[in-house]
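Dear colleague,

Please find below the structure that I am handing over to you. My notes on it follow.

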Amino acid sequence: ALWAFVHELAGRLRERLLCARVCVSVIGWAVRHAHVHLIPTDAPGQVPGLDGEPLPADVALALAERLR
């Protein structure tokens with residue numbers, strides 16, 4: 001139910017704010033609950049922390065193996 005609502009609201013944000021994308025961030029560590037943040041964006045660099053360098057291929061493969 002939560003993700004269905006997030007998807008619907010993100011679509012509404014894109015439609016009414018005419019943004020290129022809506023970034024989703026789910027945060028919750030110190031308190032046992034979560035916050036879903038929907039951030040309308042038009043270009044890279046508008047959301048801190050999302051524009052880092054991609055993982056090197058060997059690191060990505062090692063991570064994929066650990067998750068299988």
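Is C23 buried or exposed? C23 counts as buried, at 18% relative accessibility; buried means under 20% relative accessible area, exposed over 50% and partly exposed in between, with a 1.4 Å probe and protein chains only.

The model is predicted, so local features need a pLDDT of at least 70 and side-chain atom pairs count only at pLDDT 80 or more, while totals for chains, interfaces and linings use all residues. Residues are numbered from 1 along each chain as its sequence is written, and side-chain values use heavy atoms, with hydrogens and water left out.

Confidence: pLDDT is the predictor's confidence in each residue, from 0 to 100. The chain has an average pLDDT of 90, and 100% of the residues score at least 70.

Cysteines: the structure holds zero disulfides, a disulfide being a pair of cysteine sulfur atoms within 2.5 Å. C19 is in no disulfide, and its nearest cysteine sulfur, that of C23, lies 8.9 Å away. C19 is buried, with a relative accessible area of 10%.

Pocket: a pocket is an open set of points on a 1 Å grid over the protein atoms alone, where a 1.4 Å probe fits, with protein on both sides within 12 Å along at least five of seven lines; lining residues have an atom within 4 Å of a point. The largest pocket has a volume of about 170 Å³, the space filled by probe spheres set on the points, which are joined across faces, edges and corners. Its lining residues include R21, C23, D42, P44 and L50.

Yours sincerely
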